[in-house]
Amino acid sequence: MMKNMVFLKLIIAICTLIFSTIAVAEVTVSETSIKSLSPVVPIFSSTKPLAAVDCIKDDTITDSGLTRTRDNGPFSVSTKHVSRQSANGFGGGTIHYPTDAGNCGLLGVIAVVPGYVSYESSIKWWGPRLASWGFIVITINTSSIYDNPDSRAEQLSAALDHLIDDDTVSHMIDPNRLGAIGWSMGGGGALRLATKRSTVQAIIAQTPYHDKNYGAMNTPALFIACENDRIAPNKKHTNTFYQKADGPKMKVEINNGSHFCASHRFNEKLLSKPAIAWMQRYINDDTRFDKFVCGNENYKDDSRISAYDYEGCL
C-alpha cells in the first residue's frame, strides 16, 4: 500500500510539472478550522436571487452561450489579486467578480482549489468563466503543494471566508449561497467541505481523490471523470464517491481523458455548460437552467463524453 502511494505521488508530481508554468515556493501548511463542527444537511433557499430574470435574460441561457470560453458570459469580469501574505489559511489567489450585475441582488460565491503538487494556474480558468455568469469566484493556491484533501477542504472554507470579508466584493455576496470546486485532491477537499459547511449549496468534484472516509455527503454534486484516469482511477475514486453521494448528483466522463482532462482549460467548452447550469440550479435555485442538467440533457450524445449518469436531481 505504501509503495503504491509513493508511486501515485511520483506520477502526479511528474505529470503536473509538465503542465504547470508557475513556480511557487513550498511553505508549511497553514490550517484553518471549518466553521461547522458536524455533518449537516445543506440549506436550500426557498426564493430565487433578487430579480433573477432581470439579472440574466432568458435568451442568454443557450447552448452556445454556456459553451463559450473565458469570460464570455452575460457579465463583464474584473479581478483582484490576493497575496499569500494577506491570505489567512490558504496560499493566496485571485478574486473574479462581475462588474455589471447590479440587477442581480446578492450573488453566490464559489471557491476553487487545485490538486496535489499543482498551482492555481491549473484551475484558474473556472474564475472568469463562472464570474461572467454572475458568481463571485476565488481561485486559490494552497498553503503547500503537498497538502492532503482534508487540508484542502479547510483552505476552501478559508477562501470563502476571505471573500465574505473582502472590502471589494463583500457587499455583493450572499454568505448563505456558497459553492466549491476542486480537482484531484482538491476534488476530495470539495467533497469533505460539503460534509462540514452547511452553507455550501453545490460542489463540482473533478477527478476527485480521497483516501479516507470524508463522511456522509448529500450536497448537490457534479462529478467530472476522465475515462483513462490512471492517477485516480474511476473505479476506486470518482465512481465510488458518486455512488456514495446521497443528494442530487450528476456525472460526466470525458472520452479518452487522462487525469488532467478538466485542468488547464482542457475541455473548457465541453465542461462549461454542465458546470454553469449545475451551479445556477443549486446555488441560485434558477430553474431555467434545468434544461441542461440531469434527464433534460443527454450528454452522452456528444462523442466527447464516454459516460453520463444522474440521480435524485430535479
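1. Of the contacts in the protein (heavy atoms within 4.5 Å) between residues at least 6 apart in sequence, 73% connect residues at least 24 apart. The model is predicted: local features require pLDDT of at least 70 and side-chain atom pairs count only at pLDDT 80 or more, while totals for chains, interfaces and linings use all residues. Residues are numbered from 1 along each chain as its sequence is written, and side-chain values use heavy atoms, with hydrogens and water left out.

2. The protein contains eight helices and nine strands. These are DSSP runs numbered from the N terminus, with at least four residues of H or I for a helix and at least two of E for a strand.

3. Of the 314 residues in the protein, 59% are buried; buried means under 20% relative accessible area, with a 1.4 Å probe and protein chains only. The protein exposes about 12600 Å², of which carbon and sulfur atoms supply 51%; this area comes from the Shrake-Rupley method with a 1.4 Å probe.

4. Strand S5, residues 173-183, is mostly covered, as nine of its eleven residues are buried. S5 pairs in the parallel sense with strand S3, residues 107-113, over six bridges; two strands pair if DSSP finds at least two bridges between them. Within S5, glycine 179 is the bridge partner of isoleucine 110.

5. S5 also runs parallel to strand S6, residues 200-206, and six bridges join them. Here the bridge partner of glycine 179 is alanine 202 in S6. From S5 the chain passes through helix H6, residues 185-194, to S6 in a right-handed β-α-β crossover. Right-handed means that, with the strands pointing away from the viewer, the path from the first strand over the helix to the second runs clockwise.

Definitions and conventions
Buried means under 20% relative accessible area, exposed over 50%, partly exposed in between (1.4 Å probe, protein chains only).
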